Amino acid sequence: MKQQDLDKYFSTQWTSKLSQYKYSGLSIADKIQSNEQVLDVGCGYHPFKGRIPNLIGIDPYNNCADFEVDILEYKVKPESFDHIIALGSI
């Protein structure tokens with residue numbers, strides 16, 4: 001896909017539904033300790049940034065991510081994260 005097509009999709013058609021979920025979504029941030037390392041796969045607009053300390057967000061299509069990369073291309077040491085979240089990305 002072309003970047004302009006992705007930009008159009010994410011800015012006009014796709015909207016986050018995190019606020020709709022009682023046992024998921026943004027309430028996950030309350031369960032994570034401040035010293036834990038977290039990877040957000042497919043972070044999109046990175047809604048957990050600032051809510052979860054030590055958070056790294058990756059997304060192949062959204063430049064709001066810390067790293068604009070596909071999960072298969074993201075190089076990470078085994079067991080370097082305490083939690084991995086992937087809400088709506090898989």
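Student: Over how many bridges do strand β1 and β2 pair?
Tutor: A strand is a DSSP run of E with at least two residues, numbered from the N terminus, and two strands pair if DSSP finds at least two bridges between them. β1 covers residues 38-41 and runs in the parallel sense to β2. One of its residues, Leu-39, has Ile-56 in β2 as bridge partner. The number of bridges between β1 and β2 is four.

Student: What kind of model is this?
Tutor: Residues are numbered from 1 along each chain as its sequence is written, and side-chain values use heavy atoms, with hydrogens and water left out. Local features need pLDDT of at least 70 and side-chain atom pairs count only at pLDDT 80 or more, while totals for chains, interfaces and linings use all residues, since the model is predicted.

Student: Which strands stand at the edges of the sheet?
Tutor: The sheet is open, with three strands in the order β2-β1-β3 and parallel pairing. Each edge strand has a single partner, so one side of it is left without a neighbour in the sheet. The edge strands are β2 (55-58) and β3 (83-85).

Student: How many residues does the largest nonpolar core have?
Tutor: A nonpolar core is a set of buried Ala, Val, Leu, Ile, Met, Phe, Trp, Tyr and Cys residues joined through side-chain atoms within 4.5 Å. Buried means under 20% relative accessible area, exposed over 50%, and partly exposed in between (1.4 Å probe, protein chains only). The largest core includes Ile-28, Val-38, Phe-48 and Ile-85, and its residue count is eight. A second, separate core, with Leu-39, Val-41, Ile-58 and Phe-81 among its members, has a count of six.

Student: How many disulfides does the structure hold?
Tutor: A disulfide is a pair of cysteine sulfur atoms within 2.5 Å. The sulfur of Cys-43 is 7.8 Å from the closest cysteine sulfur, in Cys-64, which is too far for a bond. Cys-43 is buried at 4% relative accessible area, whereas Cys-64 is partly exposed at 35%. The number of disulfides is zero.

Student: Why does the pair of Phe-67 and Tyr-74 get its class, and what is that class?
Tutor: Rings of Phe, Tyr and Trp (its six-membered ring) pair if their centres lie within 6.5 Å; planes under 30 degrees apart count as stacked, over 60 as edge-to-face and the rest as tilted. Phe-67 is partly exposed at 41% relative accessibility, and Tyr-74 is buried at 16%. Their ring centres are 5.8 Å apart and their planes stand at 45 degrees, so the pair is tilted.

Student: Which residue forms a salt bridge with Lys-49?
Tutor: A salt bridge is a side-chain nitrogen of Lys or Arg within 4 Å of a carboxyl oxygen of Asp or Glu, and the count by this rule is one. Lys-49 lies in the loop between β1 and β2, and its partner lies 17 residues away in the loop between β2 and β3. Lys-49 is partly exposed, at 43% relative accessible area. With the closest N and O atoms 3.1 Å apart, the partner is Asp-66.

Student: Is Glu-79 buried or exposed?
Tutor: Glu-79 lies in the loop between β2 and β3. Its phi is positive, about 60 degrees, although it is not a glycine. At 81% relative accessibility, Glu-79 counts as exposed.
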